[in-house]
Amino acid sequence: MELEQVKDNTWVLKSWELIPVYRLDAHKCILLDTGLVEQREELQEALTNYGLEPVGVICSHAHIDHMGNVAYLKEKYGAKLAMSLGEAGHQMSYLGLNVTSYLLPPEDLESWDAVKGTPCLADRIILPTEDHITFCGAEFDIVHTPGHTVDHICTRTADNVLYLGDAMMTGRTLHHSKFPFAFRVRDYLDSMRKMRSEPADKFIVAHFGVYDEILPLVDMEARFFAERMLDLLDLIDQPTDPKKLTSDICRTYHITATKLSDVSYFESSSLSYLNYLRGLGYLEAYVEDNSIHYRRTPTSYARKEAKRESVLPKTGQFR
């Protein structure tokens, strides 16, 4: 990982995602997220090479690509962990991590290398009412952005650099990931649009980039997501459910699911999409044969007549 300065004491470690580093002095620092378990060796090598000692971690949310090394850093360096209330509840156990998006059988989750040894307790709980914290001697602003997960947060450093975590995606990642994950799509879109009015001199997006201005990017992703949801609606000609919709999405958009964790993750995403379309009045839910099914409403067919041709490419993946 290469260490690159963003502004003053705020830096980023550059890998396939960005891990922000707030330097307290020449050696001590606070990390904003920690990357995947499989990045641990790379992360440790970078910390050693740059003479950095993490005394704290502010974690945006409890997804494996952001919290994968928190427990390791707590054990090795005695680093303190700050997390929002909802995310800290997930981080504390395998059961909690499972409900963030995977919903795997417990024995499968606990043996999965991506999460093995990662649950741990937060040392500082960030309440929903807090928009500013003092942590490890440094001051940070907190912006609450639920939707991607239950209690996702963004963090602004004292250098007026705002780290967005997964509150939005940009550029190549957005183009490649045709189905951004959202625990609740409506809240994800609301939180993303909230970024339009958040001031900062620099913006760090985990997936992927450092920007002076993000307003056009926010509008682009909001439009992208809204269009993609309507594209999915057009896949639904017969009653569906999360399993069937996942299969239809993978077939239509040339996505290959080879692992149990992938399929479970995709089905969790599909349920979120179905609930969003239902909230728009385009789907209705009903029970048949002891199962929940979703079917299109007359309103959705009227909308289909007015929908312009999508320009989004039909390749990609869930993200």
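## Two helices side by side

Let's start where helix 8 touches helix 9: Val185, Tyr188, Leu189, Met192 and Arg193 on the helix 8 side meet Val218, Glu221, Ala222 and Phe225 on the helix 9 side. Contact here means heavy atoms within 4.5 Å. Seven of the residues in this contact are nonpolar, two are charged and none is polar (Ala, Val, Leu, Ile, Met, Phe, Trp, Tyr, Cys and Pro count as nonpolar, Asp, Glu, Lys and Arg as charged, and the others, Gly among them, as polar).

A word on the source: this is a predicted model, where local features need pLDDT of at least 70 and side-chain atom pairs count only at pLDDT 80 or more, while totals for chains, interfaces and linings use all residues. Residues are numbered from 1 along each chain as its sequence is written, and side-chain values use heavy atoms, with hydrogens and water left out.

Here are the two partners (helices are DSSP runs of H or I, at least four residues, and strands are runs of E, at least two, numbered from the N terminus):

| Helix | Residues |
|---|---|
| Helix 8 | residues 185-194 |
| Helix 9 | residues 215-233 |

Helix 8 and helix 9 pack at about 165°, with axes 9 Å apart. (Axes are lines fitted to C-alpha atoms, for helices over the stretch in contact, and angles run from 0 to 180 degrees between N-to-C directions.)

Zooming out, the protein chain has twelve helices and 15 strands. Its C-alpha trace spans about 60 × 45 × 35 Å along the principal axes of the protein chain. Buried residues (under 20% relative accessible area, with a 1.4 Å probe, protein chains only) make up 54% of the 319 residues. Of the contacts in the protein chain with a separation of 6 or more, 66% come from residues 24 or more positions apart.

Technical notes
Buried means under 20% relative accessible area, exposed over 50%, partly exposed in between (1.4 Å probe, protein chains only).
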